[in-house]
Amino acid sequence: MTVIPRPASTLMLLRQEGGKAAPQVLMIVRNAKTAFAGGALVFPGGSVDQADHDLAGDIAGTYSHLTVEELILRIAAIRETFEESGILLACADDGAPVAPETVANLVTACRGSDGPDFRAAIREGGLLPAVDSLIPFARWITPPIRPKRFDTHFFIAAAPSGQSLAHDGSEAVDSIWIEPQAAIDGTSQGRFKLVFATRMNLNRIGASASMQDAMAQARATPVVTIMPEYIETPEGASIRIPAEAGYGGELFPAADPPSM
């Protein structure tokens with residue numbers, strides 16, 4: 001029986017540091033015991049949960065230009081990033097960005113055994129998730145041959161200033177800012193493990209001249225749904241994706257772990 005893919009969201013946060021042209025992206029190392037992509041270097045993200053639906057219902061009137069589904073997916077991306085890395089994209093009712101010290105206090109509170117969950121923390125703090133800062137980037141669906149399937153929406157956004165990384169130590173055992181090419185090169189050196197979708201999205205970001213260029217390219221590139229297809233070629237196992245998806249081709253070596 002074919003497994004129905006679970007809705008999921010991933011956020012690729014970018015920053016430009018020290019006058020360098022290449023942007024850095026926030027990535028986390030997943031716990032090796034995690035069932036999906038265990039031990040891999042990934043962007044923060046995960047499955048949509050009921051709290052995302054509830055929070056979307058709370059604030060739908062403020063973001064009426066987004067559909068409920070769009071709002072839920074963006075909230076999930078922001079929540080997962082906060083839970084896994086301690087970085088929060090949020091603002092006050094007047095649009096002012098959340099203060100870094102407020103975020104640090106929320107991280108401490110939410111990770112306590114009796115602390116509020118993400119929805120409660122946002123609501124009690126008089127904050128709104130900064131959903132308008134997210135730009136749709138890609139959509140990848142795990143192939144039917146996999147026992148765990150996700151319908152993952154990737155978003156890209158500029159990182160808020162002044163906030164410090166604080167990975168959760170559970171799902172995420174490390175968190176780093178890294179240039180896309182350095183992450184890719186690290187796989188050949190044995191430092192990192194990437195799944196196919198992560199590698200491909202790193203390649204797309206790395207092809208941009210700057211953070212601003214990466215975000216402009218995302219705005220200008222329509223999102224094409226991708227369900228990778230594994231095929232055998234004379235050169236070996238390969239993965240086919242739609243050429244119009246914006247990854248510079250449609251056939252690529254199947255060199256990464258097969259999580260997606």
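Biologist: Is Ser85 buried or exposed?
Modeller: Ser85 is buried, with a relative accessible area of 0%. Buried means under 20% relative accessible area, exposed means over 50%, and partly exposed is in between, using a 1.4 Å probe and protein chains only.

Biologist: Is this an experimental structure or a predicted model?
Modeller: This is a predicted model, where local features need pLDDT of at least 70 and side-chain atom pairs count only at pLDDT 80 or more, while totals for chains, interfaces and linings use all residues. Residues are numbered from 1 along each chain as its sequence is written, and side-chain values use heavy atoms, with hydrogens and water left out.

Biologist: Thanks! Which helix does Ser85 lie in?
Modeller: Ser85 lies in helix α2. Helices (H or I, at least four residues) and strands (E, at least two) are DSSP runs, numbered from the N terminus.

Biologist: What does the side chain of Ser85 reach?
Modeller: Two backbone atoms. The side chain of Ser85 reaches the backbone oxygen of Thr81 at 2.6 Å and the backbone nitrogen of Ile87 at 3.3 Å. Both are polar contacts, meaning a pair of N or O atoms within 3.5 Å; within protein, one must be able to donate a hydrogen and the other to accept it, and residues adjacent in sequence count only if both atoms are side-chain atoms.

Biologist: And which residues does Ser85 touch, not counting those up to four places away in sequence?
Modeller: Ser85 touches Leu26, Arg111, Ser164, Leu165, Ala166 and His167. Contact here means heavy atoms within 4.5 Å.

Biologist: Let's switch to α1. Which residues of α1 are buried?
Modeller: In α1, residues 50-59, the buried ones are Asp52, Leu55, Ala56 and Ile59. They cover an arc of only 105° around the axis, which puts them on the same side of α1. The arc is that of the directions from the helix axis to the C-beta atoms.

Biologist: Why do residues three or four places apart point the same way in an α-helix?
Modeller: An α-helix has 3.6 residues a turn, so residues with that spacing point the same way.

Biologist: Nice. What is on the other side of α1?
Modeller: Gln50 and Gly57 are there, and they are exposed.

Biologist: What covers the buried residues of α1?
Modeller: The cover includes β4 (45-47), α2 (68-85), α4 (118-124) and β6 (127-129).

Biologist: New topic: at what angle do α5 and α6 pack?
Modeller: Helix α5 (residues 180-188) and helix α6 (residues 196-206) pack at an angle of about 140°, with their axes 8 Å apart. Axes are lines fitted to C-alpha atoms, for helices over the stretch in contact, and angles run from 0 to 180 degrees between N-to-C directions.

Biologist: Which residues make that contact?
Modeller: From α5, Pro180, Ala183, Ile184 and Thr187 take part, and from α6, Arg199, Leu202, Asn203, Ile205 and Gly206.

Biologist: Which residues of α5 are buried?
Modeller: Pro180, Ala183, Ile184 and Gly186 are the buried residues of α5. They cover an arc of only 155° around the axis, which puts them on the same side of α5.

Biologist: And what happens just after α5?
Modeller: Gly190 takes a positive phi of about 80° there.

Biologist: Now Val103. Where is it found?
Modeller: Val103 is found in helix α3, and at 2% relative accessibility it counts as buried. Val103 touches Phe82, Gly86, Leu88, Val98 and Gln163, leaving out residues up to four places away in sequence. The C-alpha atoms of Val103 and Phe82 are separated by 9.1 Å, and the two residues are 21 residues apart along the chain.

Biologist: Last one: what about Thr233, buried or exposed?
Modeller: Thr233 counts as buried, at 16% relative accessibility, and is found in strand β11 (residues 229-233). A polar atom of the Thr233 side chain lies 2.8 Å from the backbone oxygen of Gly236. The side chain of Thr233 also makes a polar contact with the side chain of Ser238, at 3.4 Å.
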